[in-house]
Amino acid sequence: MTDHTHDARRQSWVASANHHADFPVQNLPFGVFAPPGEAPRGGVAIGDAILDIPAGLAAGLFDGAVQDAAEAAARPTLNRFLDLGAGPRAALRERLFEILCDEATDAVRALAPRLLHRAADCTLHVPATIGDYTDFYAGIQHATNVGQLTRPDTPLMPNYKYVPIAYHGRASSVRPSGIAVHRPNGQRKPTGETVPDFGPTRSLDYEMELGIWIGPGNALGEPIPIAAAHAHVAGFCLLNDWSARDIQGWEYQPLGPFLGKNFLTSISPWIITTDALRPFRVPQPPRPEGDPAPLHHLWCEFDQTHGALAVDLEVLLTTKVTRARGMQPQRLSLASTRHLYWTFAQMVAHHTSNGCNLAAGDLFGSGTISAPESAGWGSLLELSQGGRTPLHLASGETRRFLEDGDEVIFRARAVRDGFAPIGFGECRGMVVAAL
Ligand code: CA
């Protein structure tokens with residue numbers, strides 16, 4: 001499953017990449033960036049730098065089939081690259097590894113001033129034009145925690161262990177890390193009131209999710225069988241499904257989430273490819289005794305033995321007070337993608353099982369990922385028990401939900417003995433006052 005591009009002994013001649021928390025030469029995620037004052041184009045993160053793919057093309061670094069893939073990955077939106085699928089993507093990764101590893105020729109290294117930009121100087125963009133965004137609900141601990149707030153005896157709905165639950169989200173308001181979240185206005189009806197009023201949400205929350213980038217799609221009417229579903233996932237990112245709980249709680253029945261969710265979704269801007277994550281594939285954890293087996297169209301032996309991921313996910317918070325005091329961001333939770341009840345292939349197979357067509361550049365959210373224990377719960381709704389129990393911060397402040405000036409930071413890291421750890425880069429967003 002792994003190859004020389006995963007070899008932990010290999011280093012990069014880009015010195016900052018070696019032992020970089022996110023982007024060593026074994027990662028090579030794709031994205032869209034703009035150097036200061038210049039137009040957006042495709043790039044690859046390497047340490048504290050970004051490799052400029054159009055500059056690499058101009059320097060003649062890619063030829064043959066790899067050149068076609070590099071041309072697609074050089075564009076200001078990566079849909080065509082995602083559509084190329086696993087073969088061309090892996091071939092381009094291999095060539096980029098050759099270019100950036102310590103065995104690169106002196107001629108390649110001499111191109112550094114043309115090829116590399118300081119990432120800190122660049123603007124990162126959403127890497128593809130997202131045609132459709134679907135948010136799943138595959139974090140079973142989150143579903144249980146949230147269900148318990150209103151149905152303590154039967155937190156999970158009867159369909160949960162049969163259906164990978166999802167709803168269609170809003171693609172137009174997906175933004176890259178760093179974009180502020182304006183506290184949304186909406187209809188709020190506190191418990192005990194008989195009619196709602198309109199104003200800024202009083203219960204703004206985050207949801208820690210894994211984002212899933214769809215590669216090649218399918219034709220309308222042609223479901224993707226689960227055995228083929230992995231090839232339709234190109235990569236992953238971090239996703240913050242910002243949620244206004246009071247607006248959501250009033251509006252969601254009977255049709256589900258709407259304005260309580262679609263004011264903003266933040267993502268980390270780099271596509272961490274399925275190729276880079278190969279060493280971190282793990283078996284799907286066995287279902288607890290008594291749970292039903294997945295129905296036939298959601299069952300694949302290979303998916304059960306290789307279809308899950310071991311990625312640690314961290315939520316951190318800073319506030320006006322903690323930043324003024326120079327305090328480190330405070331960790332609110334640590335969970336793992338191992339806590340998902342459904343695999344990514346099951347999501348793809350389920351989504352298309354009725355003939356619905358996916359397209360390259362579609363985005364899925366996994367659903368909020370929470371660990372079984374409270375130190376791994378992925379939203380404030382869970383950590384504050386629906387706002388009933390305030391969270392005590394190291395600064396002496398308390399939080400039930402987010403306040404203006406709070407900044408939420410997601411990080412992710414994949415670690416396995418014998419392999420170079422890789423990270424996702426950050427997904428962050430600052431809460432600002434309502435418009
Ligand atoms: Ca969600």
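**The calcium site**

Along the sequence, the donor residues of the calcium ion follow the spacing D-x71-E-x1-E-x31-D. The model is a predicted one, in which local features need pLDDT of at least 70 and side-chain atom pairs count only at pLDDT 80 or more, while totals for chains, interfaces and linings use all residues. Residues are numbered from 1 along each chain as its sequence is written, and side-chain values use heavy atoms, with hydrogens and water left out.

Select the calcium ion, then Asp 135 (OD), Glu 207 (OE), Glu 209 (OE) and Asp 241 (OD): these are its protein donors, lying 2.2 to 2.4 Å from it. Donors are N, O and S atoms within 2.8 Å of the metal (3.2 Å for Na, K and Ca); water is not among the atoms, so sites may look incomplete.

Are Glu 207 and Glu 209 buried or exposed? Glu 207 is buried, with a relative accessible area of 4%, and Glu 209 is buried at 0%. Buried means under 20% relative accessible area, exposed over 50%, and partly exposed in between (1.4 Å probe, protein chains only).

**The sheet**

Next, select the open sheet of 5 strands, whose order is β4-β3-β2-β1-β5 with antiparallel pairing. Its edge strands, β4 (116–118) and β5 (123–125), each pair on one side only. Strands (E, at least two residues) and helices (H or I, at least four) are DSSP runs, numbered from the N terminus; two strands pair if DSSP finds at least two bridges between them.

Zoom in on Val 32, whose bridge partner in β2 is Gly 42.

**Helix α11**

Finally, select residues 344–352, helix α11: 8 of its 9 residues are buried, so the helix is largely enclosed by the rest of the structure. Among the buried residues are Phe 344, Met 347 and His 351.
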